[in-house]
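Hi,

Here is the structure I promised to pass on. Have a look at it first, and my notes follow below.

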Amino acid sequence: QVQLVESGGGLVQTGGSLRLSCAASGSIFSINAMGWYRQAPGKQRELVAGISSGGRTNYADSVKGRFTISRDNAKNTMYLQMNSLKPEDTAVYYCNALRAGTRETYWGQGTQVTVSS
């Protein structure tokens with residue numbers, strides 16, 4: 001299995017910044033795409049940002065220009081830099097990884113991000 005451990009969540013004021021980290025361990029061979037998802041109360045879980053093994057990225061329209069996803073393959077770590085945070089960004093953020101071939105998906109435990117108004 002792949003284990004994903006998240007860190008960096010917390011409470012921040014509107015307009016502030018946070019940097020989330022996701023460290024992958026275990027059987028990480030053939031891991032291709034990774035991404036950050038979030039789920040707010042009463043809402044469906046949504047893709048915030050995704051990144052391929054080659055560095056291709058995509059973002060939800062709501063975070064374009066404010067969030068940046070990146071990965072350091074040597075450190076087996078993915079990041080989400082979140083700037084200009086808004087109250088509507090408040091959610092539990094989850095790290096996700098996809099294994100090529102089997103197309104298995106793995107999830108982190110989730111980390112709470114709260115943006116005060």
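Which residues form one aromatic cluster? Y37, Y94 and W107 do, and I'll come back to them once the ground rules are out of the way.

This is a predicted model, so to speak only of what it can carry: local features need pLDDT of at least 70, side-chain atom pairs count only at pLDDT 80 or more, and totals for chains, interfaces and linings use all residues. Residues are numbered from 1 along each chain as its sequence is written, and side-chain values use heavy atoms, with hydrogens and water left out.

**The aromatic cluster**

Searching the whole structure turns up two aromatic pairs. Rings of Phe, Tyr and Trp (its six-membered ring) pair if their centres lie within 6.5 Å; planes under 30 degrees apart count as stacked, over 60 as edge-to-face and the rest as tilted. Y37 and W107 have ring centres 5.0 Å apart and planes at 65°, so that pair is edge-to-face. It links distant parts of the chain, with Y37 in strand β4 and W107 in strand β10, 70 residues apart. The other pair is Y94 and W107: the centres are 6.4 Å apart and the planes at 90°, so this one is edge-to-face too. Y94 lies in strand β9 and W107 in β10, so the pair ties together parts that are 13 residues apart in sequence. (Strands here are DSSP runs of E, at least two residues, and are numbered from the N terminus.)

How exposed are these residues? I call a residue buried under 20% relative accessible area, exposed over 50%, and partly exposed in between, using a 1.4 Å probe and protein chains only. Y94 counts as buried at 14%, while Y37 is partly exposed at 22% and W107 is partly exposed at 37%.

**Around β9**

Seven of the nine residues of β9 (residues 91-99) are buried, so the strand is largely enclosed by the rest of the structure. Two strands pair if DSSP finds at least two bridges between them. β4 (residues 31-39) runs antiparallel to β9, and seven bridges join them; here Y37 has Y94 as its bridge partner. β9 is also antiparallel to β11 (residues 111-116), over three bridges, with A91 opposite V113. Three bridges join β9 to β10 (residues 105-107), again antiparallel, and L98 stands opposite T105 there. β9 and β10 form a hairpin with five residues between them, and G101 in the turn has a positive phi of about 90°.

**The four-stranded sheet**

There is also an open sheet of four strands, in the order β1-β3-β8-β7, with antiparallel pairing. β1 (2-7) and β7 (67-72) stand at the edges with a single partner strand each, so one side of each is left without a neighbour in the sheet. The twist averages 15° from one strand to the next, where axes are lines fitted to C-alpha atoms and angles run from 0 to 180 degrees between N-to-C directions. β7 pairs with β8 (residues 77-82) over six bridges, and I69 stands opposite L80.

Cheers
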